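Open the model in your viewer and keep the sequence beside it. This tour tells you what to select at each stop and what is there.

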Amino acid sequence: MAHTSANFYFRDIIKSRKLPIPEEPILFLKPSTSLIQEGQNIIIPKVFSKVAHEVELACVIGRRCRNVSKGSAMQFVGGYCLALDMTAQCSLQVARSKGMPWSLGKGFDTSTSVSRSFQLQPHSVLIVCYAILRIDLLFSSPQSRYLST
């Protein structure tokens, strides 16, 4: 089973990279092998030279749906979770420049660590994350530590 993700660009990133502002979010699939539970090891393939991470609020769709109107979309939300989204920027840059899918850069195995689901009012929350990430890079040094604020 694949999971759909959407890229909602931050305006300052678009401006700094001198990219055109997209009219709609870019959708891409993340295979089920990309998802792991919080606390499981994230494994970065050796072929990636540049990997970034970002913490996101993920929406959990609670039941099967199709062709949902904007007005009724919240009826299908089953909860939320925190997600640590890893991106192989080296692969993503090549895919973007050639107009190719983002599958490898966004969906490699173990690239998305997610928390348990919880309930909240998404428009009334501020998410601040301070995380220490321990990632097995499969390079010469088996463990590296990153501080993300």
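Start with the cover over helix H2: strand E5 (77–88) and helix H3 (103–107) are among the elements that cover its buried residues. Helices here are DSSP runs of type H or I with at least four residues, strands are E runs of at least two, and both are numbered from the N terminus. This is a predicted model, in which local features need pLDDT of at least 70, side-chain atom pairs count only at pLDDT 80 or more, and totals for chains, interfaces and linings use all residues. Residues are numbered from 1 along each chain as its sequence is written, and side-chain values use heavy atoms, with hydrogens and water left out.

**Stop 1: helix H2**

Select residues 89–98, which form H2. Which residues of H2 are buried? They are Cys90, Ser91, Leu92 and Ala95. Buried means under 20% relative accessible area, exposed means over 50%, and partly exposed lies in between (1.4 Å probe, protein chains only).

Now pick Cys90. Apart from neighbours within four places in sequence, Cys90 is in contact with Phe48, Ser49 and Lys50. Contact means heavy atoms within 4.5 Å.

**Stop 2**

**Stop 3**

Show the strands next. An open sheet of 4 strands runs in the order E3-E6-E5-E4, with mixed pairing. Its edge strands are E3 (35–37) and E4 (51–61), each pairing on one side only. Neighbouring strands are turned by 30° against each other on average, direction ignored. H2 packs on the sheet and touches E4 and E5, and its direction makes about 90° with that of E5. Axes are lines fitted to C-alpha atoms, for helices over the stretch in contact, and angles run from 0 to 180 degrees between N-to-C directions.

Select E5 alone. Because 10 of its 12 residues are buried, E5 is largely enclosed by the rest of the structure. Look to E4: 11 bridges join E4 to E5, and the two run antiparallel. Two strands pair if DSSP finds at least two bridges between them. Find Glu54, whose bridge partner in E5 is Asp85. Then find Val60, whose bridge partner in E5 is Gly79.

Turn to E6 (112–114). 3 bridges join E5 to E6, which also run antiparallel. Asp85 stands opposite Thr112 in E6.

**Stop 4**

Select Ser111, in the loop between H3 and E6. Is Ser111 buried or exposed? Ser111 counts as buried because its relative accessibility is 0%. Show its polar contacts (pairs of N or O atoms within 3.5 Å; within protein, one must be able to donate a hydrogen and the other to accept it, and residues adjacent in sequence count only if both atoms are side-chain atoms). The Ser111 side chain reaches the backbone oxygen of Phe108 at 2.8 Å. The Ser111 side chain also reaches the backbone oxygen of Lys106 at 3.3 Å. Not counting residues up to four places away in sequence, Ser111 touches Lys30, Ser34, Leu84, Asp85, Met86 and Lys106.

Thr110 lies in that loop between H3 and E6 too. Its phi is near 65°, a positive value in a residue other than glycine. Thr110 counts as buried, at 12% relative accessibility.

**Stop 3: the loop between E4 and E5**

Select Asn67, found in the loop between E4 and E5. Asn67 has a positive phi of about 50° although it is not a glycine. Asn67 is exposed, with a relative accessible area of 78%.

**Last stop: the whole chain**

Zoom out. The chain holds 3 helices and 8 strands. Along the sequence the pattern is β-α-β-β-β-β-α-α-β-β-β. Buried residues make up 28% of the 149 residues.
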